[in-house]
Amino acid sequence: MANLAKNYLASVIVAVIGFLFVFTYYFLAQPLNDWSQTLAQIISLISLFAVLPGAFLMIRRETSILTVRGPNWDRSVITLGSFLVFLIAGLTGLSSPIYLWLYNNVFVILSTAIFSLLAFYIMSAGYRTFRARSWEATVLLVVGLLTILGVVPFGASIWSGFPTITDWISKYPSTGTSRGITIGIALGTAGVIIRTIAGQGRLGRFIKGEE
Amino acid sequence: MIQLKTGSASSFLFLLGFIIVVFIAYRLVTGGRKVTIRLMPAIEALDEAVGRAAEMRRPIHATPGDSALGGMDGPQTVAGLEVCSAVARKSAQSGVPLYITTPDPVVHTLQTDIAEQAYRLEGEEFNPTNSMLFPFWTSFAIGISGLVYRENVASNICVGGWHGIVLILMETASRIGAFQIGGTAFIDQLPWFVACCDYYVLGEEVFAAGAYLSQNPSDISAVWSQDIFKLIIIAIMALGILIGLTGSTWFSNLFKM
Amino acid sequence: MNLQNKPRKKGLLNIDSRIIWLLLLFFVGIPLVRPIGIPIQVSPNTREFYEILTEQRGITIALALDTDPAGLAELGPQISAILKIARDYDLKVVMVGWNSNSGMFANTYLTEVFSDVWNSQYGINFVNLGYVPGMETGMKQFAEDIWSIEQDHYGTRLENLPMMEDIRTASDIDYLIECCWNLDYPNSIMRQFVAPGYTKMLAASTALVYPALLPFIGPDRPIKSAIKGMDGAAQLELVSNHPGLAIAGTDAQSLAHVLIIIFIAIGNLGLFFKREET
């Protein structure tokens with residue numbers, strides 16, 4: 001009995017909740033719609049707790065490196081120190097001047113700086129990729145150049161036709177291809193989710209405790 | 001009283017049709033019908049990736065992406081974990097150190113289990129500190145780039161759900177001359193894989209890669225059902241184009257029900 | 001740094017990435033300090049977006065700030081421009097989001113645009129409902145019952161915010177503007193808000209995501225109109241007559257694109273000469 005509960009209880013919960021959400025997405029049926037709304041609130045609350053394991057694992061790893069003075073232990077000091085500073089600042093309230101200052105002048109700035117690295121990497125990747133090695137690569141090169149010239153004001157100031165061409169490329173060949181890929185991806189995703197609700201697939205097996 | 005929401009009929013029928021196809025395919029495949037997934041060069045290249053690392057005596061880095069298991073990213077992460085599992089087994093066989101990384105704590109638990117299980121099957125022991133968690137996307141991007149650069153990895157495997165930061169990892173790996181296999185089903189990230197990877201899986205090939213590696217009948221039946229339903233959609237589109245060319249709108253109006 | 005300890009190949013085909021990056025830094029930095037003033041043309045897409053927003057005074061819009069700090073470089077100017085338009089046309093603004101940073105960002109941009117009238121107009125013309133957890137589940141819950149969140153980002157109960165009296169479900173919102181830097185959020189919004197018929201959707205996305213949104217944009221499609229990236233923000237600033245950071249940044253963006261064209265040309269010249277040699 002205990003094994004039955006262990007293996008199948010989680011799967012049953014997933015199946016019932018999954019069916020309820022799918023059903024109430026398409027149908028109006030009281031009290032099912034009320035139940036799905038309440039469940040949605042509960043799931044939203046549960047999702048907040050997903051933050052905690054990440055923090056715990058990070059603290060555990062960094063403190064273990066720090067304790068044994070493992071390689072690069074000084075970086076663990078910085079990691080744990082930053083974590084504590086933000087935690088204490090957060091306890092003063094999300095609207096407190098200290099937290100807002102740290103958030104806007106440290107967190108946002110650092111995140112934006114890291115994302116801005118993409119510009120540099122796109123530059124070097126573009127230099128390496130856009131070469132006319134073959135017919136297909138030449139087509140890619142020509143379309144890429146037309147698109148680059150069409151998306152910025154500089155291109156429009158050289159010739160007003162560039163934005164029109166870019167618009168045509170975006171609206172027709174690019175959109176058509178995107179649609180095809182999106183349909184495939186949507187079917188793939190739906191397939192996995194349907195099988196998970198039915199207790200199959202790797203996720204379904206994980207939920208049942210078989211992996 | 002049960003009432004269908006306005007405008008939902010056509011999408012509900014599509015969903016119902018797809019569920020039926022999925023289950024028929026599942027019954028047929030698990031009942032013994034042989035369905036093969038075509039050769040995937042990116043997956044076949046995993047041996048080359050591990051072999052290269054063994055020859056160069058450098059480690060491998062693998063990651064199932066920067067997505068979680070929940071939501072719409074989950075299936076891609078699952079496929080990425082299948083690839084990581086295959087890489088873990090090959091690494092254990094070859095004695096190559098393996099680093100696996102993720103920004104999600106639940107995926108971290110799963111990937112550690114998967115790696116330990118794969119190593120155990122080969123009679124080896126996986127060092128759990130090599131399964132790393134870097135919470136939050138931007139710190140994940142910088143963390144794994146730094147890891148890849150410091151450890152001078154020979155091969156970088158990054159198949160899974162990727163958002164905006166994968167190029168940072170792949171460019172860093174390119175700079176150190178790492179062999180790269182990657183892929184995702186997010187359209188906006190596909191160009192980076194084409195630009196940086198030696199082999200790649202794009203779009204729904206990510207799901208097929210997971211099934212190709214696991215060879216689980218349930219997973220293979222899912223890929224087969226997607227192909228069948230895609231053929232149905234193509235037939236409907238062709239019919240729609242032919243009817244649309246006559247100027248009639250009754251067919252397209254069916255899908256607005 | 002060449003970790004493989006092999007002599008680096010020279011020539012047009014193997015320019016060191018660091019040289020490319022330094023030149024990019026130079027090309028982007030100079031126009032930020034000394035603007036060139038390349039003329040900006042307002043595209044039909046941006047004009048359509050503006051006309052939808054300004055079609056009628058006093059409508060209610062929800063601005064969903066579903067971005068991490070990384071996306072703010074492009075989305076920030078868009079959000080500012082939209083809020084300035086909302087202020088000009090007396091639109092009621094509900095700031096919300098399903099990203100944990102939403103509330104903070106909403107606070108930043110609302111303060112930027114409405115700081116002089118905060119005390120008199122907060123809760124009457126604009127509110128910051130902050131972060132709603134649960135991603136798509138949270139969206140479903142919000143769409144069906146906005147009051148389920150009970151309080152705004154600052155802890156004020158919704159019954160103490162006069163404008164929320166008439167905003168109970170997503171049907172009470174005329175347009176939901178999704179400010180996104182990846183596809184997860186707009187896809188979920190389309191499923192939970194648009195497909196069930198609650199409200200109409202507009203999008204303000206980064207340039208990276210915009211091509212992936214194109215199949216969904218159109219008068220009879222889920223997203224009625226959309227603006228993309230910094231150039232979309234610059235065009236919106238221009239058409240609404242509120243010049244700001246985006247217009248200032250387009251020169252740098254243009255020069256960066258010029259640089260990539262130059263390097264593509266160099267790479268192909270190198271390939272051409274190499275073929276000539278062989």
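How many Å separate the centres of domain 1 of chain A and domain 2 of chain A, taken over C-alpha atoms? Here are some notes to read beside this predicted model.

1. The answer first: the centres of those two domains of chain A, taken over C-alpha atoms, are 29 Å apart. Domain 1 covers residues 93-125 of chain A, and domain 2 covers residues 130-201.

2. Next, have a look at where chains A and C meet. Chain A brings 43 residues to this contact, and chain C brings 46 residues. On the chain A side, the elements giving two or more residues are helices H2 (32-48), H5 (97-129), H6 (135-151), H7 (153-158) and H8 (161-197). The most comes from H5(A), which gives 15 residues.

3. As for the make-up of the chain A side that touches chain C, 23 of its residues are nonpolar, 17 are polar and three are charged.

4. Is B:Trp224 buried or exposed? B:Trp224 is buried, because 24 C-beta neighbours lie inside 10 Å, and 20 or more within 10 Å is what the label requires.

5. The surroundings of B:Trp224 are worth a look too. Leaving aside residues up to four places away in sequence, B:Trp224 touches B:Ala25, B:Val29 and B:Val35.

Technical notes
Residues are numbered from 1 along each chain as its sequence is written. Chains are lettered from A and ligands numbered from 1 in the order in which they are written. This is a predicted model: local features need pLDDT of at least 70, side-chain atom pairs count only at pLDDT 80 or more; totals for chains, interfaces and linings use all residues. Two residues are in contact if their C-beta atoms, placed from the backbone, lie within 7 Å. Helices (H or I, at least four residues) and strands (E, at least two) are DSSP runs, numbered from the N terminus. Ala, Val, Leu, Ile, Met, Phe, Trp, Tyr, Cys and Pro count as nonpolar, Asp, Glu, Lys and Arg as charged, and the others, Gly among them, as polar. Domain bounds come from an automatic or database domain assignment. A residue is buried if 20 or more other C-beta atoms lie within 10 Å of its own, exposed if 12 or fewer, and partly exposed in between; C-beta atoms are placed from the backbone.
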